[in-house]
Amino acid sequence: MLLVVDVGNTNIVLGIYDGRKLVCDWRISTDKAKTSDEYGILIRELFRGAGLEFKDVKAIIISSVVPTLSGVLERLSLNYFGYSPVVVGPGIRTGMPIQYDNPKEVGADRIVNAVAGYEKYKTSLIIVDFGTATTFDYVNRKGEYCGGAIAPGLVISMEALFQRASKLPRVDIIKPPVVIARNTVNSMQAGIFYGYVGLVDEIVSRMRAESKDSPRIIATGGLAGMIAPESKTIEAVEDYLTLEGLRILYERNRE
Ligand SMILES: Nc1ncnc2c1ncn2[C@@H]1O[C@H](COP(=O)(O)OP(=O)(O)OP(=O)(O)O)[C@@H](O)[C@H]1O
Ligand SMILES: CC(C)(CO)[C@@H](O)C(=O)NCCC(=O)O
Ligand SMILES: [K+]
């Protein structure tokens, strides 16, 4: 079985593939202070809960946008699983030309999403990933990664509001009952939720216009399911896009 690991700034998502089938997935908090041994213990517990053992894993692929944790997880792979992982980054075969000024600068998660999206849709597309940051990526018809936009994530936006204004509480990010809200909590929810729907549609519309094409628009990430129904532009939500992309990239790089 293949272990796929996506290290984000808020969460590390792990998945186990048996061939093309995702058999289980877990989400743990990203903690830059944790050692490879501490992650090892945590992952052992997750495996135990799913009736899996470390020796069931025959290969590992990691993408990370937290440089300090890349080494920690590489060490974990070697020490606990006995395999050196494929790490998404310069030098791996993506099958996707990267038209960023400096290809080394683009987040590995964005490339992984782009690879998965293009493999599934085989046409030009815009991918919106709602994570710590919200990323927008454009892939053209030929399957080239063309770049995109990075916006503050929904949770970060809410936290900025609450931390900078004494009378504003921390609120759940939900769709409020009305936009002309009559209490602080609903007012903040209205500003963040509808403001964010607007942010997404505006960026996607401008990217689509600039692309001079008619890309498909897909979304992923924890909060995609909440925003997508209100968005005029998002056509589909692909919950496991990043894990799928990691599986595909492993296939392209196994020797
Ligand atoms: N309804 C909600 N209200 C508040 N926060 C939420 C809600 N749903 C998810 N979150 C949080 O939003 C954040 C972003 O979620 P998501 O799972 O898409 O990204 P992530 O995987 O944590 O991002 P990254 O890949 O950058 O680590 C997470 O911290 C998640 O716990
Ligand atoms: C934007 C994030 C934080 C989203 O996870 C990540 O993709 C990242 O750190 N990217 C590096 C900058 C870039 O993609 O241009
Ligand atoms: K992510």
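Leaving aside its neighbours within four places in sequence, which residues is Asp109 in contact with? They are Asp6, Gly8, Ser63, Val65 and Thr242, where contact means that two C-beta atoms, placed from the backbone, lie within 7 Å.

## About the model

This is a predicted model, in which local features need pLDDT of at least 70, side-chain atom pairs count only at pLDDT 80 or more, and totals for chains, interfaces and linings use all residues. Residues are numbered from 1 along each chain as its sequence is written, while chains are lettered from A and ligands numbered from 1 in the order in which they are written.

## Asp109

UniProt lists Asp109 under "active site" in an unreviewed entry; such annotations may be inferred rather than shown by experiment. Asp109 sits in helix α3, residues 108-121 (helices are DSSP runs of H or I, at least four residues, numbered from the N terminus).

Asp109 counts as buried because it has 28 C-beta neighbours inside 10 Å; the cut-off for buried is 20 or more other C-beta atoms within 10 Å.

## Two domains

Next, the overall layout. The chain is divided into domain 1 (2-87) and domain 2 (103-245), with bounds from an automatic or database domain assignment. Their centres, taken over C-alpha atoms, are 26 Å apart. Twelve residues from domain 1 and nine residues from domain 2 take part in the contact.

## The nonpolar core

The largest nonpolar core has 61 residues, and Val5, Ile61, Ile126 and Val128 have the most contacts inside it. Such a core is a set of buried Ala, Val, Leu, Ile, Met, Phe, Trp, Tyr and Cys residues joined through C-beta atoms within 7 Å. Helix α3 gives the largest share of this core, seven residues.

Terms used. Helices (H or I, at least four residues) and strands (E, at least two) are DSSP runs, numbered from the N terminus. A residue is buried if 20 or more other C-beta atoms lie within 10 Å of its own, exposed if 12 or fewer, and partly exposed in between; C-beta atoms are placed from the backbone.
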